[in-house]
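Dear colleague,

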Amino acid sequence: MWYNNILETIGNTPLVKLNKIVKDIPATVLAKIETTNPGNSIKDRMALKMIEDAEKSGKLKPGGTIIEGTSGNTGMGLAIAAVIKGYKCIFTSTDKQSKEKFDALRAFGAEVIVCPTNVDPEDPRSYYSVSSRLEREVPNSWKPNQYDNLSNSQAHYEQTGPEIWEQTEGKITHLVVGVGTGGTISGTARYLKEKNPAIQVLGIDTYGSVFKKYKETGVFDKNEIYPYITEGIGEDFLPQNVDFSLIDHFEKVTDKDAALMTREIARKEGIFAGNSTGSAVAGVLQMKDRFKEGDVVVIVFPDHGSRYMGKMYNDDWLRDRGFLKDDKLTARDIISKKESAEIITIDSEKTVIEAINTIKTLNISQIPVTQHGNIIGKVTESDILDALLESPSLKSQPVKNITTAPFPYVDLNTSIDRISSMINKDNIAVLVTDEKGNAEIITQYDIINAISA
């Protein structure tokens, strides 16, 4: 047997029992692994459904352009369908999303426009507003609007819900889903509650999102809204696909807990999943008192870990945000082990010969260059030699004339591995600002000294 095209492989994803990571929960906990869809996410389901419904209604015409605001996964589903069906794609997204998501969209020929995260949805710069403007401007275009297009939740009513019911033989007692557009949780919940109204539907929210408070109070509180790191869940508005009447409880999970749990799932269960999966599993552990022996809990695992290699699966990214602490030395440790000494700099208006004398006197090989007290660049022995060989008269010129790019700055939490990889023949040091706000220089010698101390 074979499929006529890749779109026919969407759905029928496996249900897998979790073991080590949920060992303290008495219930059976199952993961609905949506990464086996061709676009490696659950969004393939509703992307295809939205396109097919738009084709039937005449909103999407042959040769048209699909324009959508997306964090990446919906865009992937739309892009794959567009390749098969002959449409163009333009996607808008936010600058908090991982670069891997954008690269994946572009791999399918889509155009991606990155917009700022920290603006209101109504702001003309927001990814919602930009996609709406493009729909008005681009001829023969259609905007799916995954947030308010009810084909989104209908796809899960027709597919995801029935699959889970059949795979659990009707024994499911709890459904756990991260809530973003609301399509997955609402469509799946509607089907399952029609089968058994006693099934508990638990939505995972994030701090900085409005969902939980709105569910519990009916109040849309703008004070709840602030930027957050977790991808794929939470919103600063109320999508029409979120049917609050079907969701029994919202559980909020911090950015840190979501990020660290994302990694734990790979290390304890061998499942390479994305950031919203980390949120969902962390939420289940927070809610463990809700579950008893004999319960069957299904958690939707929406997307693949490959989209987060530069973020949740990157130690330095986690350290920079204070999410990860380990035994490796950091920039803080290196400067604490250095002999206390004020960093030697030279003002940009000083002459090259003065720079030469400073380097010779102090027996150093490089010196940062300042302007009004701020480091703007550097000069090294090789910079000076190259300049004088080309023009000996330069020695009386200001040192700013031969200044090269400054040493890169690192955070105090940057690991010794990362710092070491940044130091090479072209870049012989890095700079770091200590806790008092003073600049410190770290060289290869400092790294060796810290390791051997």
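His 372 lies in the loop between S12 and strand S13 (374–380), where helices (H or I, at least four residues) and strands (E, at least two) are DSSP runs numbered from the N terminus. Its phi is near 55 degrees, a positive value in a residue other than glycine. Asn 12 likewise has a positive phi, of about 50 degrees, although it is not a glycine; Asn 12 is found in the segment before strand S1 (15–17) and, at 67% relative accessibility, counts as exposed.

Please bear in mind that this is a predicted model, in which local features need pLDDT of at least 70 and side-chain atom pairs count only at pLDDT 80 or more, while totals for chains, interfaces and linings use all residues. Residues are numbered from 1 along each chain as its sequence is written, and side-chain values use heavy atoms, with hydrogens and water left out.

As for the chain as a whole, its secondary structure comes to 16 helices and 16 strands, and its C-alpha atoms fill a box of roughly 85 × 55 × 50 Å, taken along the principal axes. Of the 453 residues in the chain, 53% are buried. Among contacts (heavy atoms within 4.5 Å) between residues at least 6 apart in sequence, 68% join residues at least 24 apart.

Turning to the sheets, six strands form an open sheet in the order S1-S2-S10-S7-S8-S9, with mixed pairing (two strands pair if DSSP finds at least two bridges between them). The edge strands of this sheet are S1 and S9, each of which pairs on one side only, and the twist averages 25 degrees from one strand to the next (axes are lines fitted to C-alpha atoms, for helices over the stretch in contact, and angles run from 0 to 180 degrees between N-to-C directions). Within the sheet, strand S7 (residues 174–178) and strand S8 (residues 200–206) run parallel and are joined by five bridges, with Val 176 standing opposite Leu 202 in S8. Helix H6 (residues 160–167) packs on the sheet, touching S1, strand S2 (28–33), S7 and strand S10 (296–301), and its direction makes about 140 degrees with that of S2. Helix H7 (residues 183–195) also packs on the sheet, where it touches S7, S8 and S10, and its direction makes about 165 degrees with that of S7.

Another open sheet has four strands in the order S5-S4-S3-S6, with parallel pairing; its edge strands are strand S5 (111–115) and strand S6 (141–142), each pairing on one side only. Five bridges join strand S3 (residues 65–69) to strand S4 (residues 88–94), and Glu 68 stands opposite Phe 91 in S4. Helix H2 (residues 73–85) lies across S3 and S4, running at about 170 degrees to S4, while helix H3 (residues 99–107) packs on the sheet and touches S4 and S5, its direction making about 155 degrees with that of S5. The buried residues of helix H4 (residues 127–137), among them Tyr 127, Tyr 128 and Leu 134, have a cover that includes S3, S4, S5 and S6.

Not counting residues up to four places away in sequence, Glu 231 touches Lys 96, Gln 97, Ser 98, Lys 101, Asn 275, Ser 276, Tyr 308 and Lys 311.

Finally, strand S14 (residues 409–410) runs parallel to S15, joined to it by two bridges, and the bridge partner of Tyr 409 in S15 is Leu 431. Four of the five residues of strand S15 (residues 429–433) are buried, so this strand is largely enclosed by the rest of the structure.

With best regards

Conventions: Buried means under 20% relative accessible area, exposed over 50%, partly exposed in between (1.4 Å probe, protein chains only).
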